[in-house]
Amino acid sequence: MTELDVRSARADQLVAGQKSQWEIIVGLEVHAQVTSQAKLFSGASAAYGGAPNAHVSLVDAAMPGMLPVINKYCVEQAIRTGLGLNAEIQRVSRFDRKNYFYPDLPQGYQISQYKSPIVGEGEVEVEPDGEDAIIVRIERLHLEQDAGKSIHDLSPNETFVDLNRAGVALMEIVSRPDMRSAKEAAAYFNKLRGILRALGTCDGNMEEGSMRADVNVSVRRAGTREWGTRCEIKNVNSTRFMMQAIEYEARRQIEILESGGAIDQETRLFDPDKGETRTMRSKEDAHDYRYFPDPDLLPLVLDEAWIEQIRASLPELPDAKKKRFVREYGLSAYDAGVLSGDSDAATYFETVAKGRDGKAAANWVSQELFGALNKKGLELSASPVKAEALGALLDLIKDGTINGKIAKDVFAKMMETGDAPGVIVEREGLRQVTDTGAIERAIDALIAANPDKVDDVKKNPKAFGWWVGQAMKATGGKANPAVVNEILKKKLGV
Amino acid sequence: MTDLTALTLASALDGMEKKRFSSAEITDAFLAAIEKANPHLNAYVVVTAEQARAAAKASDARRAKGQAGPLEGAPLGIKDLFCTEGVRATACSNILGEFTPTYESTVTANLWRDGALMLGKLNMDEFAMGSSNETSRFGPVVSPWRRGNEDAKLTPGGSSGGSASAVAADLCLGATATDTGGSIRQPAAFTGTVGIKPTYGRCSRWGIVAFASSLDQAGPITKTVEDAAMLLQSMAGHDPKDSTSLPDGLPDFRTACAKPIKGMTIGIPEEYRVDGMPAEIEALWAQGIEWAKEAGAKIKKISLKHTKYALPTYYIVAPAEASSNLARYDGMRYGARVAGKDLVATYEQSRARGFGAEVQRRILIGTYVLSAGYYDAYYLRAQKVRQRIAEDFREAFKDVDAILTPATPSAAFALGERSGDPVQMYLNDIFTVTANLAGLPGLALPVAVDAQGLPLGLQVIGRALDEETVFAVSAALEKAAKFSTKPARWWT
């Protein structure tokens, strides 16, 4: 029997109620859409979007006599994910039917893996911001079909059904209840997303619903070992909502327990507008899904050689990447973590850093670029500044064409126009002035105009900064700061 | 002129090959016979006369060009469980309404590939659930056979009653059928025809309306063992669209029919000697054993000790799968819908009106045995017993090459005679369900008539994938039995 309760919350993670301190226990069931051209059991396209019911085969529509045939690529993706999660790949697994009636489920059952999932136990190391790393154990990963979509808001009296998603392959990744705060849960979810994206097994696109989580929350008095009754919050599709939902739900449960009540085991929904969770269905309404092995499908028996072939083709994963970034580029653990967590960010960073100063590249990517993208609400993939262009900007700094300050202005213009840095520097005449004669002339003019300040700086060395600022301003910011410093010191006699 | 409809499939193909008659002629003969007989027998629920004539003409043209397939020009009947492109397919259930598939089942597509053509769709028990063809939405099929001089209407058996009746009454050269617990073999035995359920996975289930997926198998009903071998040859074969379809290649079944059985060992299972079995059936079985001996086979008593649990096991496994397979008939996307005040009411009314009583009974049984708290006691236990039944056979087949049993515990009964008692009805399948549970090939062939003049059959069960031995033993028995009685054509 697996030990479920392997850790206690740190003191700073405890939540204070009216009467006592409480520990939050969180486990996640993450649904990740498998990156694949076709659906799990039919040849229909799994592409997102498309006109309603444009991607529907006879199998998806549950026409009489139609049969499922497993998509081998989806199985490969599940194995790849299992290997990426350091998990046990089950040599024999099988598919079960989960029976219930709903218009967006044409067969009247979902094909899932209930008793024998394709992937067993694994683990993920998670490092929440500014906290020590924790281990989150994976209980299992199984393959299942997505349902279609019921559309209730097109007509007051009718519900429309779009089966484009029906039959699309999902991986359900179930964690152990190993998280002790909303922050840990969010960090785990992000880590998982990073791993899946690096593996190429799920695009992690939350807006398109490619990744969503059912969040299990319970609370118990600090220092006690007995589990509380949990509630499951369905279909949370962002880490921000996940954190809000966990915090709200924990508070709700604590209030009930402190006032002498009991928690009902139930399924709840998070309402992002109100920031609260509410009952979706109680335990009494729970379906009896009548799971049984799908007789249309044979057990899934995996060939050892195939698993090894997939293992050999695994890309570098975030943890290994992070270590390499520290080793190879001399980054801080924090910067390395930020840049290795997402495969797009890592690729971008390495393109910029190639043949350049790694630390400078890391600073530009994680500070300037991410800051600017954040402000514009853009994904990295939509950045107007491509990695090659940012690299070229760094080259201009390195070879002294522009100084660091001007570089920030050039970068801002690159974000606006998408133009190459060299083009912007030439167009705007931003080339750094290293001509000492020109700088000397500008400084001479400054000294002549400010005799009082000359005396000032001799008494008060702190006033030197004023002179530097004025000199830079006089040269349009283009002067080489080192040269300015040197000439000023000489001329002012400080 | 000879009556073309009375020919066997083999002789009809031979006749066309030798240009004694054309596919158009024999097709017309069948269409004329159907027109006369069908109002009395109710074997066909759709007659596709025009398509059949056009197909026959095209077939004759192919033959003239030397492009004849193995079944070129052979007019067949197709059980309504098979989806047929552009031709209504209802599984004889109201819930499918006027459903007309846009696709062709693999098995029928294989037949058309080999030159055969369709006369129409054949009546059956609703969703293949029944042993007397009385649960069809189109009404029962009447057997061409009668007891002595009585004119009481008899059942042709079920669920493939239309297929059996049509073949027995010369309304097609052969028919497709399906067998989940005996639905090919029991009607064949009741009507003096031959029916084989091949090894599970031999015939693709793609495009066949599902009843119980782990048990359903398609097979032919024909006039002779050789005809069955020929039809199965075309129907069977690996199909990547069915995950349970077997990749194994097909041996030549027709050649297997001529294989001598001298030196083979035939097993006789003691457990098939059930209480209350009519003496005539006992005698018939004993006669079969004698014929096998005369043909040079050795006889060995064997024990299939879990046989008595087969029927209860079947009536857990089959309804469980059916309850899930039939969930798709919800009145939403095709078939008949009865609108209710809301979604749940629409589901309830569509299904309450769309499904007949027997189908509803099995959905209820299936839902019950899969329910939380009952699953282990019923479904899981039944799966374990199913394993034991399969092991019994595996053990027995270490010592024997084929097993000989009676096909049914009685001759055909009258319509209405047993429809009030489901358990009595289920007992019809007592000798046949074991082959479904174990996935083995089983063939029923007629060997005699009883005192009232009704046909009685024997069953030959073989190892998985060894239809060849089943055909060889069956052909030897057929040869010895010289069964040639035909029902009187009282409807003409």
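Where is the place of Ala128(B) in chain B? The place of Ala128(B) is in the loop between β3 and α5 of chain B, where helices (H or I, at least four residues) and strands (E, at least two) are DSSP runs, numbered from the N terminus. This is a predicted model, in which local features need pLDDT of at least 70 and side-chain atom pairs count only at pLDDT 80 or more, while totals for chains, interfaces and linings use all residues. Residues are numbered from 1 along each chain as its sequence is written, chains are lettered from A and ligands numbered from 1 in the order in which they are written, and side-chain values use heavy atoms, with hydrogens and water left out.

The account starts with chain A. Its secondary structure comes to 15 helices and 16 strands. The radius of gyration of chain A is 29 Å, well over the 23 Å that the globule rule gives for 494 residues, so chain A is more spread out than a compact globule. The radius of gyration is taken over C-alpha atoms, and the globule rule is 2.2 Å times the number of residues to the power 0.38. Along the principal axes, the C-alpha atoms of chain A fill a box of roughly 95 × 55 × 55 Å.

Of the 494 residues in chain A, 52% are buried; buried means under 20% relative accessible area, exposed over 50%, and partly exposed in between (1.4 Å probe, protein chains only). The accessible surface of chain A comes to about 22,900 Å², and 50% of it belongs to carbon and sulfur atoms. Accessible areas come from the Shrake-Rupley method with a 1.4 Å probe; for residues, only the protein chains shown count as cover. Among contacts in chain A with a separation of 6 or more, 69% are between residues 24 or more positions apart, contact meaning heavy atoms within 4.5 Å. Chain A carries 64 positive and 74 negative side chains, and the centres of the two sets lie 4 Å apart. Lys and Arg count as positive and Asp and Glu as negative, while His and the chain ends are not counted; the place of a charge is taken as NZ of Lys, CZ of Arg, CG of Asp or CD of Glu.

In helix α11(A), residues 421–428, the residues Pro421(A), Ile424(A) and Val425(A) are buried. They cover an arc of only 100° around the axis, which puts them on the same side of α11(A); the arc is that of the directions from the helix axis to the C-beta atoms. The cover over the buried residues of α11(A) includes α9 (387–398) and α10 (404–417) of chain A. Just after α11(A), Gly429(A) takes a positive phi of about 60°.

Asp344(A) lies in helix α7 (residues 343–353) of chain A. Asp344(A) counts as partly exposed, at 33% relative accessibility. Leaving aside neighbours within four places in sequence, Asp344(A) is in contact with Arg197(A), Leu380(A) and Ser381(A).

Chain B has 16 helices and eleven strands. The radius of gyration of chain B is 21 Å, close to the 23 Å that the globule rule gives for 492 residues, so chain B is as compact as a globular protein of that length. Its C-alpha trace spans about 65 × 55 × 50 Å along the principal axes. Buried residues make up 63% of the 492 residues in chain B. Chain B exposes about 17,000 Å², with carbon and sulfur atoms supplying 53%. Among contacts in chain B between residues at least 6 apart in sequence, 77% join residues at least 24 apart.

The loop of the opening question runs between β3 (117–122) and α5 (161–168) of chain B, and Val141(B) is found in it. Val141(B) is buried, with a relative accessible area of 0%. Not counting residues up to four places away in sequence, Val141(B) touches residues including Leu41(B), Asn133(B), Gly161(B) and Leu415(B).

Asn133(B) lies in this loop as well. Asn133(B) has a positive phi of about 60° although it is not a glycine, and at 0% relative accessibility Asn133(B) counts as buried. Ala128(B) has a positive phi of about 65°, and is not a glycine either; at 3% relative accessibility, Ala128(B) counts as buried. Ser159(B) is also placed in the loop, and the peptide bond from Gly158(B) to Ser159(B) is cis, with omega near 5°.

Just after α5(B), Asp170(B) takes a positive phi of about 60°.
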